[in-house]
Amino acid sequence: MSANEQLKEALDMLKKTGIRITPQRHAILEYLITSMSHPTADEIYKALEGKFPNMSVATVYNNLRVFKEIGLVKELTYGDSSSRFDFVTSNHYHVICEECGKIVDFHYPALDEVEQLAAHVTGFKVDHHRMEVYGICPDCQKSSVRAH
């Protein structure tokens with residue numbers, strides 16, 4: 001599905017839930033869909049402040065909370081660092097750089113069965129799962145080679 005189609009679907013979902021589509025809301029959603037960088041609220045604010053000089057960081061946080069409540073966005077929390085936000089597409093996993101914090105998506109279909117297996121083995125009614133893989137991204141690998 002293209003970014004435009006994802007945006008249209010997300011805007012339709014907002015309309016269906018009775019949430020007014022403001023220019024800021026539209027821009028934040030579009031940024032989340034197209035950025036692919038799992039931005040923090042501050043990064044979203046900095047990227048859009050030129051277009052919306054009257055928008056505050058609080059506006060960004062409030063909109064992200066609304067998007068999260070209706071299931072458009074996932075909040076990703078890793079340790080002490082700021083929450084990052086991910087537009088909800090298909091189930092996917094994250095590889096996280098331990099040097100710079102960059103997060104990259106990857107999909108691994110074999111893990112889709114893990115919830116059924118966990119439910120079967122434990123008797124739990126499994127709701128969801130999350131997996132993270134940690135390492136050093138190619139950019140940080142290059143810069144650490146230069147540093148040595």
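Biologist: By class, how many nonpolar, polar and charged residues does the lining of the largest pocket have?

Modeller: The general idea is that a pocket, on a 1 Å grid over the protein atoms alone, is an open set of points where a 1.4 Å probe fits, with protein on both sides within 12 Å along at least five of seven lines, and that lining residues have an atom within 4 Å of a point. In this predicted model, local features need pLDDT of at least 70 and side-chain atom pairs count only at pLDDT 80 or more, while totals for chains, interfaces and linings use all residues. Residues are numbered from 1 along each chain as its sequence is written, and side-chain values use heavy atoms, with hydrogens and water left out. Here the lining of the largest pocket has four nonpolar, five polar and five charged residues, where Asp, Glu, Lys and Arg count as charged, Ala, Val, Leu, Ile, Met, Phe, Trp, Tyr, Cys and Pro as nonpolar, and the others, Gly among them, as polar.

Biologist: Which residues lie nearest the centre of the largest pocket, and which element gives the most to its lining?

Modeller: Of the 14 lining residues, Lys74, His92, His128, His129 and Arg130 lie nearest the centre. Strands are DSSP runs of E with at least two residues, and helices are runs of H or I with at least four, numbered from the N terminus. The elements that give two or more residues to this lining are β1 (73-76) and β3 (93-97), and β1 gives the most, with three residues.

Biologist: How does β3 run relative to β4?

Modeller: Two strands pair if DSSP finds at least two bridges between them. In this case four bridges join β3 to β4 (residues 103-106), and the two strands run antiparallel; histidine 94 has aspartate 105 as its bridge partner in β4. Five residues lie between the strands of this hairpin, where glycine 101 takes a positive phi near 85°.

Biologist: How many salt bridges does the structure hold?

Modeller: Side chains of opposite charge can pair when their charged atoms come close. A salt bridge is counted when a side-chain nitrogen of Lys or Arg is within 4 Å of a carboxyl oxygen of Asp or Glu, and the structure holds six. One of them joins lysine 8 and aspartate 12, at 3.1 Å from N to O, two residues of helix α1 (residues 3-16) that stand four residues apart, about one turn of the helix.

Biologist: Is lysine 8 buried or exposed?

Modeller: Buried means under 20% relative accessible area, exposed over 50%, and partly exposed in between, with a 1.4 Å probe and protein chains only. Lysine 8, at 52%, is therefore exposed, whereas aspartate 12, at 26%, counts as partly exposed.
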